[in-house]
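Thanks for passing this one along.

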Amino acid sequence: GMRFLLLFSRQGRLRLQKWFTPTPEREKKKIIRDMTTMVLARKPRSCNFLHWRDLKIVYKRYASLYFCLALEDQDNELLALEILHRYVELLDKYFGNVCELDIIFNFEKAYFILDEFLMGGEIQETSKQIVNRSIEASDMLQETMEEYMSKPAF
Amino acid sequence: MSPSVRLQEMIRVIRSARTQGEERGVIQRECAAIRAQFRQADNGGRSHNLAKLLYVHMLGYPAHFGQMECVRLIASPRYSEKRVGYLGAMMLLDEKQDASLLITNSIKNDLSHSSQYVQSLALCTLACMGSAEMCRDLAPEIDRLLRASNSYIKKKAALCAVHIVRKVPELGELFTPAARSLLSEKNHGQCVTRDTHTYMPDLVQIMKGLVTTGYSPEHNVAGISDPFLQVRILRLLRILGRNNDAASDAMNDLLAQVATNTDSSKTAGSAVLYETVLTVMDIKSESGLRVLAVNILGRFLLNNDRNIRYISMTSLQKIVVTDHNAVQRHRGTIVDCLKDPDASVKRRALELSLALVSAVNIRSMMKELLLFLSSCPPELKAQAACGIFNAAERYAPSQRWHIDTILHVLTTAGGDVRDETVPNLIQLITTASDLHCYTVHKLYRALITDISQQSLVQVACWCIGEYGDLLLRGECDEIEPVQVSEDDVLDALETVLQSHMSSPATRGFALTATMKLSTRITDNVDRIRSIVSIYGSCIDVELQQRAVEYNALFKKYDHMRAAVLERMPVIDKSSPDHSNGESGGGALKEVEPPKLKQGEAVTAQEPANQVHDGDNSQDGHNTLMYSCDNLGSPTLTVYEKNGVTLKLHCHKQSETGLTVTLTASNSSDWDMSSFTLQAAVPKSVQLHMKAPSGDFLPARGTATLTQTVLLNNPNKVGLQWALWIRMSYTSQGSAFQDTMQIDSFPGPACH
């Protein structure tokens, strides 16, 4: 299963962190530091896989963002690349030509989308359409509820 | 109006901060405002405030004061607030915080909410940070959802169940029946979310369906129907077939079909093939299938995508031992990957190549490996050198080839080899007695070319010192001899002695070699005498001591000089785990001649050993403290703590027996009474302790205690002496106790 997913910029600024196993705060900070240092130090034409402690790290750069996924020993690295790609596709469908700024200013949305695609360290839904539909429905529910609550109760 | 405007405004302000300090200021202000807002009554902006706090948290600032707000928001009836509340819970709460327990009830309620999106929030959060307690509490709810709800919720409940089972394995049984029924449903999403109790024929059916019949466009990735699902199923097959012959048989055909039919032109297809290979290797597959899998890996090695090359190598490395022959077939491609531009691929190629070396291919493989060594990245040099040495040692077709190979490595990567290389090579050279002439010629040539590689220079000096006469003779069978004069040789050694590049150890080698030549040359002995006397006042203490000793050998002991400096006998390779711990200790042992006759004048032997010790001692590596007294029969300090010093002096009595004397002294300011020593030995050794000289150890070292211990190893098993000593005494009214282990005994007389 996957252990964590990190998104960070080329300057090492964290944009998203998803932890699939309980990790203490101090440990999270250390891992983030280690990952950003390691991945940012990679030469441009290296392969996308690294070894760190007992985990396999799969990373891929999309424009100005690095996507970094930690796998357990039994997991399939090539598939992990596909997972990252699928997540980017989902973001792109939602935001339309997604860029780093979208993820900065709408980080909660990025999380909500992720939570429809992956859960508990495993892939939750393999259909792009179903994920998109779920997010749209949730968004509508949010607005509907807000309208409802802001209506004066007579 | 977009609900996130206030959040985005704050983000904009933070990002416009020009320095770290400015950013900290902005964030402190914002956090203060957020805290104030949290304390206020509900004003419709709660979710925005929490979202702001979560952003600040992501930048690395503390946000623990938001934990209770998460709990509050989760309990809110508004979906927008629940959504952010649950997100906050996943980010700020982990199972260690008390606050996480407080949301258990909210989660329970939300699991029965009328809206599936609310249920989904609860499920997601539970799967993310649910503690064991929470899992136990809520497991029945999850089970209910697994059975009775729609497919959207079922798949989430299933994943949540997976998390629960990982946290609390006993609950796995609770979910088994529900899991079984999930499998028979066709929904892709649910298929993905399997746990490990599954039913195989159904899986095979589904897999077949995916591979052969049509596909649904929404699951398609680059022409491969739902690769995520395929990989999942393969993974499960792997688990099922792992130690199960029957299961493995049943999935044979399917795996072969997937292996041959999957299009590997895009990564998605390669991912599926890769998983297939992993599965085949892990279950009890028949050999034909395994060969098929290895061939897939071989094809991957030729792929343009370096990621695919890399994972192919890591997989091959895992199976190189079990499927050695199959992997050997791809040896050529693997060796080519040594030239791959990617550093990770190179590293894997090196490891794999070393694993593939065999007696049959040693010569060709070594050519490639040596070529690699001369141009490989510096971080791989040490590993390559080490691997080459191991391979050479195991499969060397001839001694000359072996020596040549080691010399080649020392010339190209001498700085990256381990310290044992020098004594190991020396030992190898002595055993190749018919090659002494060849070796010394070769090393002399190497020495006059380049004196920067310390290991090479050390071996060369030793060889010249030892076999200098062969060098000067000017004739050699195996190699074109060099016409060398005595002055030439001494020049070479003096250059090493004087060079800034030579390490202190290397200079020691050179000085000793020079001394040894005094019995092998005829004309220039005076030159040697003057070199030796010059170094008698060298600043380096080690060199000075040697020079002084050699001087003594010239002056007072000249009648012994020839015997002391004569050719060394063949050195036995010492057992590799003589537990001295440091390579220095091992080296010392290697140099000692195996049998010492007690009859010979002890005085003659001691200086000899001192002379030869120097050749192979690793300065600074030896942790044992050495002090020589009584003409060099050594005493070892085995314990020094709290003012108590215990020294061990050993002398051999017979072939199988050893006598050890322990001397204790007390340097503290307080007397020690009831001082006792107890000893234990390994099973093969007999122990006899003589009466100690006393049990009172006065302060400030005014007197010592001695105790003699007799050890006997009648079977001569391994002849490894080991002694455990327990010391107990009373000092200042308190009792003290300590234990120590001695597993190496000093001095040549003990072996």
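How many residue pairs are in polar contact across the interface of chain B and chain A?

1. **Polar pairs and ground rules.** The rule finds 16 such residue pairs between chain B and chain A, with both residues at pLDDT 80 or more. A polar contact is a pair of N or O atoms within 3.5 Å; within protein, one must be able to donate a hydrogen and the other to accept it, and residues adjacent in sequence count only if both atoms are side-chain atoms. Please keep in mind that this is a predicted model, in which local features need pLDDT of at least 70 and side-chain atom pairs count only at pLDDT 80 or more, while totals for chains, interfaces and linings use all residues. Residues are numbered from 1 along each chain as its sequence is written, chains are lettered from A and ligands numbered from 1 in the order in which they are written, and side-chain values use heavy atoms, with hydrogens and water left out.

2. **The interface as a whole.** Chain B brings 72 residues to the contact and chain A brings 62 (contact: heavy atoms within 4.5 Å). About 6,200 Å² is buried between the two chains, and carbon and sulfur atoms give 56% of that. Buried area here is the accessible area (1.4 Å probe) that two parts lose on being put together, summed over both.

3. **Salt bridges between the chains.** Chain B and chain A share four salt bridges, a salt bridge being a side-chain nitrogen of Lys or Arg within 4 Å of a carboxyl oxygen of Asp or Glu. One of them joins A:R13 to B:E23, at 2.5 Å from N to O. B:R83 and A:D139 also meet in a salt bridge, at 2.9 Å. B:R83 lies in helix α5 (residues 79-92) of chain B and A:D139 in helix α5 (residues 128-150) of chain A, so this pair joins two chains. Helices are DSSP runs (H or I, at least four residues), as are strands (E, at least two), numbered from the N terminus. Both B:R83 and A:D139 are buried; buried means under 20% relative accessible area, exposed over 50%, and partly exposed in between (1.4 Å probe, protein chains only).

4. **A:E116, worth a look.** This residue sits in helix α4 (residues 107-117) of chain A and is buried, at 7% relative accessible area. Its side chain makes polar contacts with the side chains of B:Y152 (3.0 Å) and B:K156 (3.2 Å). Leaving aside residues up to four places away in sequence, A:E116 also touches others, including A:Q124, A:I135 and B:S120.

5. **Chain A itself.** You will find five helices and seven strands in chain A, in the order β-β-α-β-β-β-α-α-α-β-β-α. Of its 154 residues, 60% count as buried.

6. **Salt bridges inside chain B.** The whole structure holds 39 salt bridges over all chains. In one, B:E141 pairs with B:R144 at 2.8 Å; the two are three residues apart in helix α9 (residues 132-148), which means a separation of about one helical turn. B:E141 is buried at 17%, whereas B:R144 is partly exposed at 38%. Another salt bridge links B:E466 and B:R520, with the closest N and O atoms 3.9 Å apart. That pair ties distant parts of the chain, 54 residues apart: B:E466 is in helix α27 (residues 454-473) and B:R520 in the loop between α29 (504-517) and α30 (525-534). B:D487, B:D491, B:E494 and B:R527 are linked in a salt-bridge network.
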